[in-house]
Amino acid sequence: MRTKFDTVIIGGGPAGSSAAILLARAGWSVALIEKQDFPRRKVCGECIAASNLPLLEALGIGALFAQAAGPALQQVALMHGAHKVVAALPAAPHEHYPWGRALGRETLDTLLITQARLAGVHVMQPWSATHVKGTAGNWRCDVRATDAGTVLTLRAAVLIDAHGSWQALPDARAGRSRDHRASDLLAFKANFRQARLPEGLLPVLAFRGGYGGMVRADGGVTTLACCIRRDQLEASRRTAPGLSAGEVIEALLQEQCDGVRAVLQGARREGAWLAAGPLDPGIHLSRGDAMFRIGNAAGEAHPILGEGMSMALQSAWLLCVQLLARAPGQGLSDPAWQRELARVYAAQWRVAFAARLRFAAVLAHLAMRPRLFKPVLALLQRWPTLLTRAAVWGGKTRCTADPAAIAIQNTFCDHAMRQQGT
Ligand SMILES: Cc1cc2nc3c(=O)[nH]c(=O)nc-3n(C[C@H](O)[C@H](O)[C@H](O)COP(=O)(O)OP(=O)(O)OC[C@H]3O[C@@H](n4cnc5c(N)ncnc54)[C@H](O)[C@@H]3O)c2cc1C
């Protein structure tokens, strides 16, 4: 089996798969390691902001996304207790893609990883990265086949960490393990059929100790996803012995939020509640090593804005534009070049996403604290269009990546490869 590549990418979520597609199309040899079999459900609100749809098109899954995804999201609502404020969502400045839509992660992630295979990526799935050694220009990554237990060591000049943020990479586990905290945010998601959620409406939920959202995704399924503080969940579980954490969350949301109760009236849950976390909001671009990080591995925003997949796709793009400034064979293993590139990428990442992270953190902390949230609710009731503005400030209509930038690089590389007869 092949073990030497230009790059090894750990994690086949939206960040890892899109980086793999972009680099492979430009002629890089790419190994993409994904530990889970797809399709798989995943904790996520599943809304993809309109600003990303040109990127999905450039990745070659635009038409499939358009066929499969749920209705265009044109309105946002804030639901808190008995209160509901509704406003328009801002349209993105794109002729074909003004509105975001939702697509189950079992479908989106499968579309992307399939596209990676078609682009010539060596997809290892279900394989897990178990150990990473080396440094910029000379990486060794131990991988293990989840089913057969086979172990291999892959070598690569460039290592990209796209493994998300809810589990540490094995090597980092010892350093990152810590006691549970009352303030840990745990994430949950369930899908429902026959829910009464109006098409095109994206409700954001604020409740004591947590926040969440609902959306109509593909196939008429409604996704309900939320985050809740560990202490709040434990307190609620003590009052309902025998119920699973997901069932407790469902009851809590219905009790605390009239809007959720109305939407779920007569609805049937499809599949189990999924749980993940604790979340790790903040910027993690550098963990003292020389890996490139994209997606949640680079930085996690509180998902109250539902911008995590935007950051995953767009950070992959930002990094790949930098990496593709060098054609394959032009000394990818040069550590000085990688260090400089890491500096430029980190600066671009911060300009693109740091404000979004801070804004999401402020909103999340307000939403979880009813006493602080009261005046915010009063403001929104008076001026609902502040919700529209919040979506703009949160990045919903802004794409920091330029799909054409990669197209130019690909054209250059295709041409270079033809000239070299490769
Ligand atoms: C409650 C909630 C609601 C959300 N709602 C939205 C929303 O509506 N819209 C939005 O845009 N974002 C939303 N997000 C955020 C979004 O889910 C994440 O930001 C996004 O999944 C990040 O993509 P990623 O590719 O970086 O990581 P992931 O999607 O987490 O992918 C990482 C992949 O790496 C694999 N992996 C992990 N470790 C290894 C290993 N050692 N070896 C091999 N593979 C490995 C995992 O199996 C996984 O498939 C939400 C998040 C939460 C918690």
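The structure is a predicted model, in which local features need pLDDT of at least 70 and side-chain atom pairs count only at pLDDT 80 or more, while totals for chains, interfaces and linings use all residues. Residues are numbered from 1 along each chain as its sequence is written, and side-chain values use heavy atoms, with hydrogens and water left out.

The ligand has 40 residues around it, of which E34, G45, R105, N296 and M309 come nearest (a residue is near if one of its heavy atoms lies within 4 Å of the molecule). By type, this shell holds 19 nonpolar, 14 polar and seven charged residues (Ala, Val, Leu, Ile, Met, Phe, Trp, Tyr, Cys and Pro count as nonpolar, Asp, Glu, Lys and Arg as charged, and the others, Gly among them, as polar). At least two shell residues each come from α1 (14-25), β8 (127-135), β14 (222-229) and α9 (308-323), and α9 gives the largest share, four residues. Helices (H or I, at least four residues) and strands (E, at least two) are DSSP runs, numbered from the N terminus.

An oxygen atom of the ligand lies 2.7 Å from an N or O atom in the side chain of N296. Taken alone, the ligand exposes 1,000 Å², and the protein buries 96% of that (Shrake-Rupley method, 1.4 Å probe).

Turning to the helices, α1 packs against α4 (residues 105-118) at an angle of about 20°, with the axes 8 Å apart (axes are lines fitted to C-alpha atoms over the stretch in contact, and angles run from 0 to 180 degrees between N-to-C directions). The two helices are therefore roughly parallel (angles under 35 degrees).

Technical notes:
Polar contact = N/O pair within 3.5 Å; in protein donor to acceptor, adjacent residues only side chain to side chain. Parallel < 35°, antiparallel > 145°, perpendicular 65-115°, else oblique.
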